[in-house]
Amino acid sequence: MKTTFKNNKRISVLGLGQMGRRIAQLYVEAEYQVTAWNRTPGKVDGLGNIRLAETAAQAILASPLIILIISNNKSVLEILADLPDIQIFKNKTLINFTTGSPGEAESIEKIISDVHGAYIHGAIQASPDQLGLKSATILSSGNKEAFEKYVNDLAIIGGNIRQLSEQAAASSAMDTATSTWIYGSFLGLIYGAELSRHYGLSLKDYGTIIGEIAPEFIDYFKYEVELIERGDFRATQSTLSNHLAATQRLADSFKAINVEQTFPTLINNLLKKAEQNGLGDEELAALSKIIVKHS
Ligand SMILES: NC(=O)c1ccc[n+]([C@@H]2O[C@H](COP(=O)([O-])OP(=O)(O)OC[C@H]3O[C@@H](n4cnc5c(N)ncnc54)[C@H](OP(=O)(O)O)[C@@H]3O)[C@@H](O)[C@H]2O)c1
């Protein structure tokens with residue numbers, strides 16, 4: 001049967017894992033002409049109106065816009081190195097959403113731009129089920145012209161699109177920075193859950209109260225980041241010494257319930273170090289001065 005499409009836009013998706021499958025599905029639903037390739041065959045099953053490419057090269061040749069999303073950028077570099085002719089990227093745009101380091105983004109950018117292709121390095125800050133929502137955040141960096149040309153196509157994947165810089169590495173760096181904040185909070189989350197559990201509190205209440213206090217704390221975090229940007233740490237909210245006392249209580253509380261001590265000790269020790277360095281009367285954001293290593 002001949003496949004028909006409402007839309008004459010062509011897009012290729014390389015990598016049909018959890019993310020790639022959902023991305024391909026969103027473009028199928030938007031009636032793009034979707035060509036897909038995956039290292040292991042059989043992953044297009046159930047995706048509907050889609051063309052299957054037998055090789056990565058075939059998928060790249062099929063469309064002007066190529067989305068790549070696989071496990072890691074070492075494998076992306078291998079795929080590029082194995083292509084029969086890297087020139088197939090000439091006049092095409094590659095959007096690589098594979099998570100990786102800023103250095104990897106720069107290497108891939110060079111390979112693509114050397115053959116006159118346009119490169120956008122992306123980072124998706126959402127899970128597969130959140131893709132397609134207006135709230136899903138897509139970070140983008142690299143070729144500005146290509147970004148402007150394809151921004152509406154990117155919006156199929158997520159509505160909150162941020163083009164950070166023409167430096168391809170920027171979205172990787174921002175993804176790493178925001179992931180650091182998420183994992184830091186997550187560590188606190190599970191320690192708090194254990195404390196709640198230990199004292200017989202409802203974990204449902206714990207989750208609800210976190211949800212209720214989060215917006216105010218996010219505003220406070222944004223204010224502290226502004227202070228770091230300005231380099232102005234004069235105390236306006238609460239001194240670092242007050243927070244040192246709070247983290248001492250936290251460390252003592254976790255010692256009392258005999259859980260693994262690394263996290264509560266770490267945060268308490270960093271604040272102690274800050275106070276020993278004369279930062280006690282400054283705003284908590286002054287802690288940032290302690291983590292910078294001067295060579
Ligand atoms: N899942 C999430 O919630 C999420 C959110 C944001 C960002 N991401 C990022 O999105 C990327 C993909 O994640 P995912 O959850 O879709 O992963 P996944 O479900 O584990 O799928 C991994 C995909 O990478 C392919 N792959 C792995 N090594 C390869 C190689 N050497 N050559 C060719 N293809 C290779 C796999 O192909 P096979 O089928 O042949 O194994 C599969 O299509 C990752 O960089 C991840 O960090 C994921």
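At what angle do helix α6 and helix α9 pack, and how far apart are their axes? In this predicted model, helix α6, spanning residues 170-198, packs against helix α9, spanning residues 262-276, at an angle of about 120 degrees, and their axes lie 10 Å apart. Angles from 65 to 115 degrees would count as roughly perpendicular and those over 145 as roughly antiparallel; α6 and α9 are therefore oblique to each other. Their crossing is left-handed. On the α6 side, the contact is made by L187, G188 and Y191, while α9 contributes T262, F263 and P264. Sorted by class, this contact of α6 with α9 holds four nonpolar and two polar residues, with no charged residues.

The protein chain contains ten helices and eight strands. Along the principal axes, its C-alpha atoms fill a box of roughly 70 × 45 × 30 Å. Of the 295 residues in the protein chain, 39% are buried. Among contacts with a separation of 6 or more, 64% come from residues 24 or more positions apart.

The strands can be taken up next. An open sheet of eight strands runs in the order β3-β2-β1-β4-β5-β6-β7-β8, and its pairing is mixed. At its edges are β3 (50-52) and β8 (160-165), each of which pairs on one side only. On average, and with direction ignored, neighbouring strands of this sheet are turned by 25 degrees against each other. Strands of a sheet pair through backbone hydrogen bonds, in either a parallel or an antiparallel manner. For strand β6 (residues 118-125) and strand β7 (residues 137-142), the sense is antiparallel, and the pairing extends over six bridges. Within this region, A123 stands opposite L139 of β7.

Which helices, then, meet this part of the sheet? Helix α5, made up of residues 144-154, lies across β4 (65-68), β5 (93-96), β6, β7 and β8.

Definitions and conventions. Residues are numbered from 1 along each chain as its sequence is written. This is a predicted model: local features need pLDDT of at least 70, side-chain atom pairs count only at pLDDT 80 or more; totals for chains, interfaces and linings use all residues. Side-chain values use heavy atoms; hydrogens and water are left out. Axes are lines fitted to C-alpha atoms, for helices over the stretch in contact, and angles run from 0 to 180 degrees between N-to-C directions. Helices (H or I, at least four residues) and strands (E, at least two) are DSSP runs, numbered from the N terminus. Angles under 35 degrees count as roughly parallel, over 145 as roughly antiparallel, 65 to 115 as roughly perpendicular and the rest as oblique. A crossing is left-handed if the near helix is turned anticlockwise from the far one by less than a right angle, and right-handed if clockwise. Contact means heavy atoms within 4.5 Å. Ala, Val, Leu, Ile, Met, Phe, Trp, Tyr, Cys and Pro count as nonpolar, Asp, Glu, Lys and Arg as charged, and the others, Gly among them, as polar. Two strands pair if DSSP finds at least two bridges between them. Buried means under 20% relative accessible area, exposed over 50%, partly exposed in between (1.4 Å probe, protein chains only).
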